[in-house]
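Student: I would like to go through the salt bridges of a protein model. Please show me the sequence and the structure.

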Amino acid sequence: KKPSIISIPFDISIDDIQKQINQNMPDLIYEDKSFEDNNNDEFKVKVWRKGNLEFTGIQNNVLSYEVPLKIWAQKRISAFGVSQAPDTQFEIKLRFSSKFFVNNDYAIQTSTNSTGFEWITKPVMKAGFLEIPVAPIIGKLIANNQTMFANQIDQAINSSFSLKPYILEAWNTTRKPFIASEEYNTWVKIEPQEVFLTPFKTNGKSLKATIGIKIVAETLVGVIDQQFEETKSIPKLKIVESIPEIFELSLYN
């Protein structure tokens with residue numbers, strides 16, 4: 001029984017990935033409601049997503065993108081027994097990069113890292129005639145929470161994409177016997193055995209890979225039972241560097 005490989009090209013639209021991330025990312029990204037937490041920092045802050053995440057570039061199979069945020073901040077100031085709590089609002093852009101991969105359970109996952117941020121409007125906070133320099137405080141806050149923002153992006157992607165439904169459909173379709181010759185009442189029956197996938201590579205505005213299904217085929221003559229029970233489980237995915245594109249089918253009787 002000589003096995004053969006069915007090669008199936010597969011691609012994911014980067015626009016679809018962007019859409020799914022935006023649908024699954026919360027509008028409220030971060031909130032600090034207390035002046036007393038974080039070692040009594042006398043600071044409150046609230047961070048919203050002001051717009052959609054947008055991809056800005058692709059290089060070496062890594063996607064770069066940015067997220068615009070609106071931030072409200074309030075600082076409590078106490079002097080001579082008098083407390084004030086001026087506030088301010090401003091906007092920034094967070095920048096990230098992600099590398100895509102698939103685990104052996106067919107889930108599409110990302111490894112996202114922060115690549116910094118950019119002020120759109122700088123925070124200005126005044127208490128009477130006093131101008132409070134809060135930009136360094138905000139900058140430190142954003143820097144300390146960039147990992148948390150990156151994890152939210154990873155969670156949004158990981159909960160949105162899986163290859164398993166598509167592979168399962170192909171697996172069950174492959175197992176259905178088909179007639180090769182009506183004249184001689186000859187059938188071909190295929191039994192899939194393993195599933196392979198090449199690493200994702202960027203091509204234009206898509207992430208592309210090749211799926212390979214290892215099969216064993218046999219020919220049957222006469223009346224056969226065409227009914228079969230669809231399976232809901234498939235073998236663990238195997239990642240390989242390449243899959244032959246030439247389809248060769250070996251039959252045995």
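This is a predicted model: local features need pLDDT of at least 70, side-chain atom pairs count only at pLDDT 80 or more; totals for chains, interfaces and linings use all residues.

Student: Why is the contact between Arg-95 and Glu-118 called a salt bridge?

Tutor: A salt bridge is a side-chain nitrogen of Lys or Arg within 4 Å of a carboxyl oxygen of Asp or Glu. The closest N and O atoms of Arg-95 and Glu-118 are 2.3 Å apart, so the pair meets that definition.

Student: What makes this pair a tie between parts of the chain?

Tutor: Arg-95 lies in strand S8 and Glu-118 in strand S9 (residues 108-121), so the pair ties together parts 23 residues apart in sequence. Strands (E, at least two residues) are DSSP runs, numbered from the N terminus.

Student: Is Glu-66 buried or exposed, and how do you know?

Tutor: Buried means under 20% relative accessible area, exposed over 50%, and partly exposed in between, with a 1.4 Å probe and protein chains only. Glu-66 has 16%, so Glu-66 is buried.

Student: Why does Arg-95 count as partly exposed?

Tutor: Arg-95 has 30% relative accessibility, so the value falls between the two cut-offs.

Student: Which residues do shared partners join into one network?

Tutor: Salt bridges that share partners join Glu-66, Lys-93, Arg-95 and Glu-118.

Terms used: Residues are numbered from 1 along each chain as its sequence is written. Side-chain values use heavy atoms; hydrogens and water are left out. Helices (H or I, at least four residues) and strands (E, at least two) are DSSP runs, numbered from the N terminus.
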